[in-house]
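Please read it with the sequence and the structure open beside you.

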Amino acid sequence: MTIEIKDVCKSYDGKAVLSCVNLNIEDEHTYVITGPSGCGKTTLLRLILGLESPDSGTVRLLGDYKYPYINSGTVFQEDRLCDDFDAVTNVCMVSRKVYRETVTEELLRLLPGSELHKPVKELSGGQRRRVAIVRACAIPSDILIMDEPFTGLDDESRKKAIGYIREKQGSGPLVITTHDTRDLEFGRIIKL
């Protein structure tokens with residue numbers, strides 16, 4: 001699968017956020033999109049996901065692709081968790097094909113066992129972020145798209161999360177936005 005981003009421009013209220021962005025996102029590659037706040041990182045991800053349309057230019061799937069959309073495992077800038085449910089339930093909600101036992105094992109790779117069955121509103125910001133990462137990786141997807149996935153993580157948790165994400169990436173592409181490219185040298189760094 002290749003996602004072609006060609007001459008994409010996007011503005012809000014007359015202010016250009018993206019100007020003639022070109023990028024091909026291909027299988028088995030990692031793309032680390034970085035830049036200052038407001039430079040269009042989140043907007044670019046929203047365009048890839050089809051949540052917004054460019055003012056000009058195109059975002060399209062190339063090759064023999066049978067659907068008009070991509071199946072993405074996504075970490076949004078906000079955690080988008082259901083606060084009153086525990087971590088296991090939040091991850092299980094993404095698919096009927098996800099089993100509680102498997103989810104528990106996956107969460108234990110990034111969280112202490114004592115945190116798995118608390119309502120996620122009681123977890124720290126970094127713990128909530130790790131739940132969002134496991135949720136994004138819980139089902140097979142064409143691509144992993146993660147908007148600032150390491151927010152609130154200490155160095156040790158960040159390294160564990162990076163290893164986990166790389167393992168779960170499989171043969172699909174991985175697109176990460178971040179201000180901090182530390183430990184992400186394995187990817188192609190793209191500055192907006």
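**Notes on the predicted model**

1. Helix α1 (residues 41-48) has 6 of its 8 residues buried, so this helix is largely enclosed by the rest of the structure; buried here means under 20% relative accessible area, exposed over 50% and partly exposed in between, with a 1.4 Å probe and protein chains only. Helices (H or I, at least four residues) and strands (E, at least two) are DSSP runs, numbered from the N terminus. The buried residues of α1 are K41, T43, L44, L45, L47 and I48, and they pack against β1 (2-12), β2 (15-26), β3 (30-34), β4 (56-62), β6 (143-147) and β7 (174-177), where contact means heavy atoms within 4.5 Å. Just after α1, G50 takes a positive phi of about 80°.

2. On the source: this is a predicted model, in which local features need pLDDT of at least 70 and side-chain atom pairs count only at pLDDT 80 or more, while totals for chains, interfaces and linings use all residues. Residues are numbered from 1 along each chain as its sequence is written, and side-chain values use heavy atoms, with hydrogens and water left out.

3. The protein chain comes to 5 helices and 8 strands, which run β-β-β-α-β-β-α-α-α-β-α-β-β from the N terminus on. Its radius of gyration is 17 Å, close to the 16 Å that the globule rule gives for 192 residues, so the chain is as compact as a globular protein of that length; the radius is taken over C-alpha atoms, and the rule is 2.2 Å times the number of residues to the power 0.38. Buried residues make up 46% of the 192 residues.

4. Which helices pack at an angle of about 5°? Helix α4 (residues 125-137) and helix α5 (residues 155-169) do, with their axes 10 Å apart, and that makes α4 roughly parallel to α5, a term for angles under 35 degrees. The axes are lines fitted to C-alpha atoms over the stretch in contact, and angles run from 0 to 180 degrees between N-to-C directions. The contact is made by R130, I133, V134 and C137 of α4 together with S157, A161, Y164, I165 and K168 of α5.

5. E101 is found in helix α3 (residues 100-108) and is exposed, with a relative accessible area of 55%. E101 and V88 are 13 residues apart in sequence, and their C-alpha atoms are 8.9 Å apart in space.

Definitions and conventions. Parallel < 35°, antiparallel > 145°, perpendicular 65-115°, else oblique.
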